[in-house]
Amino acid sequence: MATTNRISPATDSPLKAVDERPLLVVDDLRTVIHTPRGDMKAVDGVSFSLRGGETLGVVGESGSGKSVLGRTIMGLYRSGPGMTVSGRVEFDGRDVHTLSPRALRGLWGADVGMVFQDPMTALNPVKKVGPHLTESLRKHRRMSRSDAAARAEELLNLVGIPEPRRRLGQYPHELSGGMRQRVVIAMALANDPKLLVADEPTTALDVTVQKQILDLLDRLQAELGMAIILISHNLGVVAGRADRVAVMYAGRMVETASSGALFGGARHPYTEALLDSIPRLADAPHMRLEAINGSPPNMTAPPPGCRFAPRCRYAGQDCAEELPGMTTDDGGDVTKADHLFACHHPVSAGGN
Ligand SMILES: Nc1ncnc2c1ncn2[C@@H]1O[C@H](COP(=O)(O)OP(=O)(O)OP(=O)(O)O)[C@@H](O)[C@H]1O
Ligand SMILES: [Mg+2]
């Protein structure tokens, strides 16, 4: 049984500016990747909305579809020979998947920034730090060479890189992992995006640097007011940072709630298991973490019922047969409820 409230819930600061109007609406999004082994339902019916200035944490085990979701929201993954995307992604009133390739490039450069999972793929090893930043500024903002250089220095300063002018003349391999990740974040912020998608921004970094980068994102959000989608396999990373959390399992969103409600009273057994797998400061030094038994399903042939049922200690016959839809505690309107979960036998706030 999961004890509740052991992770501090996000403090919903009254000073934080969150718009009432949604900036991003994702509706029944599906990304089917056509592989030689069959069609893989990497994202399978995900819906949520995000307001300006809000942080959504997307969590789930490796392979649950978090990166594919991020890339599909960005319009980087669209229907073509290799995959089929259906559903809707509306950013600031525009349907991302009907934009022309040119309009889409404009969107990436100016309105949406993405920090990719592997920072080295975002950096060209034979290009100095300076051009990584100035090329986008010159292209999207039509800045002069000297203005772009000044803005690049300002951006490195913003992300906490000491001696920014000197760093602009260095190659990525001359920087530490933490500094490289700061450069990648500076690139994503170059044109003041309204939305930043940060996919595992700290995985390759050691624990102290991880905290520095996450604190940097917090500070940048407070200063710049952008919305953030923070993707992580670790619930501990989004705890205290995200306003809302969405839990993914095998391509589907299985639970979503404001941080306080989720960390205070998870209803989906998978979320409960994820909470049990977070290390706690109070744990004895060599205590084993509670691992989740079994492994996620093959997404080319997922089980017909709840995808988590084969691993779930609470599953009944109904779970194997019928895929649960999103529901609320009071059976109310799922488009308005704060806390949604897809489970036939939800755990209650005090255990099942
Ligand atoms: N381009 C691709 N071609 C084929 N399969 C893919 C492709 N991209 C992702 N997948 C598959 O889709 C599923 C979801 O992958 P995804 O990268 O979104 O997982 P993730 O939740 O981001 O995992 P991680 O925590 O390891 O980053 C996985 O089974 C993965 O192997
Ligand atoms: Mg990923």
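This is a predicted model: local features need pLDDT of at least 70, side-chain atom pairs count only at pLDDT 80 or more; totals for chains, interfaces and linings use all residues.
A crossing of two helices is right-handed if the near helix is turned clockwise from the far one by less than a right angle.

**View 1. Helices H7 and H8 pack with a right-handed crossing.**
Helix H8 covers residues 207–224. The axes of H7 and H8 come within 10 Å of each other and cross at roughly 20°. Angles under 35 degrees count as roughly parallel, and H7 and H8 are therefore roughly parallel to each other. On the H7 side, the contact is made by Gly177, Gly178, Gln181, Arg182, Ile185 and Leu189. On the H8 side, Val209, Gln212, Ile213, Leu216 and Leu220 take part. By class, the residues of this contact comprise six nonpolar, four polar and one charged.

**View 2. Helix H4 (residues 129–141) lies alongside helix H7 (residues 177–189).**
The two axes come within 9 Å and cross at roughly 15°. H4 and H7 are therefore roughly parallel to each other, and H4 passes H7 in a right-handed crossing. Val129, His132, Leu133 and Ser136 of H4 meet Val183, Ala186 and Met187 of H7. Five nonpolar and two polar residues form this contact, with no charged residues.

**View 3. Helix H4 also crosses helix H5 (residues 145–158).**
The axes of H4 and H5 come within 9 Å, with a crossing angle of roughly 120°. That angle makes H4 oblique to H5. The crossing of H4 and H5 is right-handed. H4 contributes Gly130, Leu133, Thr134, Leu137 and Arg138 to the contact, and H5 contributes Ala148, Ala149, Arg151, Ala152 and Leu155. The residues of the contact divide into six nonpolar, two polar and two charged. Leu133 of H4 takes part here and also meets H7.

**View 4. Four strands form an open antiparallel sheet in the order S2-S1-S4-S5.**
Strands of a sheet pair through backbone hydrogen bonds, either parallel or antiparallel. The edge strands of this sheet are S2 (38–51) and S5 (94–95), each of which pairs on one side only. Helix H1 (residues 66–74) packs on the sheet and touches S1 (22–35), S2 and S4. The direction of H1 makes about 65° with that of S2.

**View 5. Bridges link the neighbouring strands of the four-stranded sheet.**
S1 and S2 run antiparallel and are joined by eleven bridges. These two strands form a hairpin with two residues between them. Thr35 has Gly38 as its bridge partner in S2. Eight bridges join S1 to S4, also in the antiparallel sense; here the bridge partner of Ile33 is Met83 in S4. Strand S4 (residues 83–91) is in turn joined to S5 by two bridges, and these strands run antiparallel. Glu90 has Asp95 as its bridge partner in S5.

**View 6. Ligand 1 is surrounded by 15 residues.**
The closest of these residues are Ala42, Ser62, Lys66, Ser67 and Val68. S1, S2 and H1 are the elements that give two or more residues to the shell around ligand 1. H1 gives the most, with three residues. By class, the shell holds five nonpolar, nine polar and one charged residue.

**View 7. Seven strands form a second open sheet, in the order S6-S7-S8-S3-S9-S10-S11.**
The pairing in this sheet is mixed. Its edge strands are S6 (112–115) and S11 (340–341), each pairing on one side only. Within the sheet, S9 (residues 244–249) and S10 (residues 252–258) pair in the antiparallel sense over six bridges. Arg244 stands opposite Ser258 in S10. Helix H11 (residues 269–276) packs on the sheet, touching S3 (55–59), S9 and S10. The direction of H11 makes about 105° with that of S9.

How values were computed
Residues are numbered from 1 along each chain as its sequence is written. Chains are lettered from A and ligands numbered from 1 in the order in which they are written. Two strands pair if DSSP finds at least two bridges between them. Two residues are in contact if their C-beta atoms, placed from the backbone, lie within 7 Å. Axes are lines fitted to C-alpha atoms, for helices over the stretch in contact, and angles run from 0 to 180 degrees between N-to-C directions. A residue is near a molecule or strand if its C-beta atom, placed from the backbone, lies within 6 Å of it. Ala, Val, Leu, Ile, Met, Phe, Trp, Tyr, Cys and Pro count as nonpolar, Asp, Glu, Lys and Arg as charged, and the others, Gly among them, as polar. Angles under 35 degrees count as roughly parallel, over 145 as roughly antiparallel, 65 to 115 as roughly perpendicular and the rest as oblique.
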